[in-house]
Amino acid sequence: MTESADDDAAHSDFIRGAVVICVTAVVAGVAIGFIGGAFRWCLQTADRLRVDFVDWTHALPGPGWLAPMAAAALGATLAALIVRWVPLAAGSGIQHVEAVYRGDAEPPLLLLLPAKFIGGVLSMGAGLVLGREGPTVHMGAAIGAEAGRRARLSEPDVRMMQTAVGGAGLAVAFNAPIGGTLFALEEVTKSFRLQTVLATLLACATAVGCVRFILGNEPDFLVRSIEAPDLAWLPLFVVFGLLTGGLGAVYNRLVLWFLDHVTGLRRVPALAKAAVIGAVIGLAMFVNPLAVGGGDPLTQMILSGQSIVLPVVVGYLLVRVVAGPLSYSAAVPGGLFAPLLAIGALWGLLFVGGFDAVWPGDATALALPMALVGMAAFFGATVRAPVTGIVIVIEMTATTSVAIPMLAATAAAVLAAELTRSPPIYDSLRERMVPETPR
């Protein structure tokens, strides 16, 4: 009888705790939904203004190219100045979310929220090749941690809440609630504990519901209806996946190489480094605005089926493969995910174009499917979260017709990346974090 009463009391405590966690997740989800939606709106507005600004500079007499260089340098410098005040605002922040969940770092304070928001708008608005998802995840983590503290959750539950709402931040960044949930579970926690699943599901659903009030209820990329590729092409997708795994390993090493060498210039102030990197990106922006920035307009152009000649594809790909790691080394707010999607789509186009040149035939019909597959496969190779990558691409494009080739190519890409012994990018970034001073 006593044991039964103890069991009932323990069950009641569990239910009360679960209810508090779920309510906290919903409230925090509303907050990151509207704040993340405002962040995305600001970045979209900045993208449009940046293109108009570059068009205006082309009409200027004299060296008009100096104007975008100066503007990008200014934006990067101001973002770096914010990082000087709030050091945790540098970079993506996803590695910090993972470190917090593992107990290797303290949950972020709410001060991080304005630092990431304003710094991200400055750096990405200036055209640096960075992604919106890192800052949005980190802002979500800060909101989740603060909500957990105010709800008087235990320390482990505060860490869990920052992870769950961080996943909601990714869901907001990509308009992908399932992808955000899987990211928190597959990439960060690497587990499916019931309370974490419930909190993440509720936070992601609430957050995406709120952001759609701001940005509309449409997928991020509009893709025309395409037929599923013939299964006879499946071996080609596998080969593409294997090559993509190698490219992902090279990209990860390039990110770390730039970080090491830019950080190694200790005599150069951080603000000066950011200014120089911003100026370089500004020059590329003057030549072609699509070559810089997060990459959504370029990805949309590819997924719309617009024809891009192969030399231009090669140019875009080379610039973005270098500009992404270079931008990240500026240590300003900004992530890696969104630029990966553009690179994956370009790489898919290049692969089909190269294959068709060597073996002329019907391969040109695979251009759009291969671009979609490239987005998921490259994401899987670099981040090593294949299910998250596949689901995010499917949700962002509302397209399932290439699911089978996407599964095969992404699995091959992850296998190839593992064989190169290239660690997942966020594992490498987490290991490079400076240990926090105990508070």
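Mentor: A crossing is left-handed if the near helix is turned anticlockwise from the far one by less than a right angle, and right-handed if clockwise. Helices here are DSSP runs (H or I, at least four residues), numbered from the N terminus. This is a predicted model, in which local features need pLDDT of at least 70, side-chain atom pairs count only at pLDDT 80 or more, and totals for chains, interfaces and linings use all residues. Residues are numbered from 1 along each chain as its sequence is written, and side-chain values use heavy atoms, with hydrogens and water left out.

Helix α9 (residues 234–263) passes helix α14 (residues 367–383) in a right-handed crossing. Their axes, lines fitted to C-alpha atoms over the stretch in contact, with angles from 0 to 180 degrees between N-to-C directions, come within 8 Å and cross at roughly 45°. α9 and α14 are therefore oblique to each other; angles under 35 degrees count as roughly parallel, over 145 as roughly antiparallel, 65 to 115 as roughly perpendicular and the rest as oblique.

On the α9 side, the contact (heavy atoms within 4.5 Å) involves Leu236, Phe237, Phe240, Thr244, Gly245, Leu247, Gly248, Tyr251 and Asn252. These meet Pro369, Met370, Val373, Gly374, Ala377, Phe378, Ala381 and Thr382 of α14. By class, the contact has 11 nonpolar, six polar and no charged residues. Ala, Val, Leu, Ile, Met, Phe, Trp, Tyr, Cys and Pro count as nonpolar, Asp, Glu, Lys and Arg as charged, and the others, Gly among them, as polar.

For another pair, α6 (residues 155–174) and α7 (residues 177–189) have axes that come within 7 Å and cross at roughly 135°. That makes α6 oblique to α7, and this crossing is right-handed.

Methods:
Helix = DSSP H or I, 4+ residues; strand = E, 2+ residues; numbered from the N terminus.
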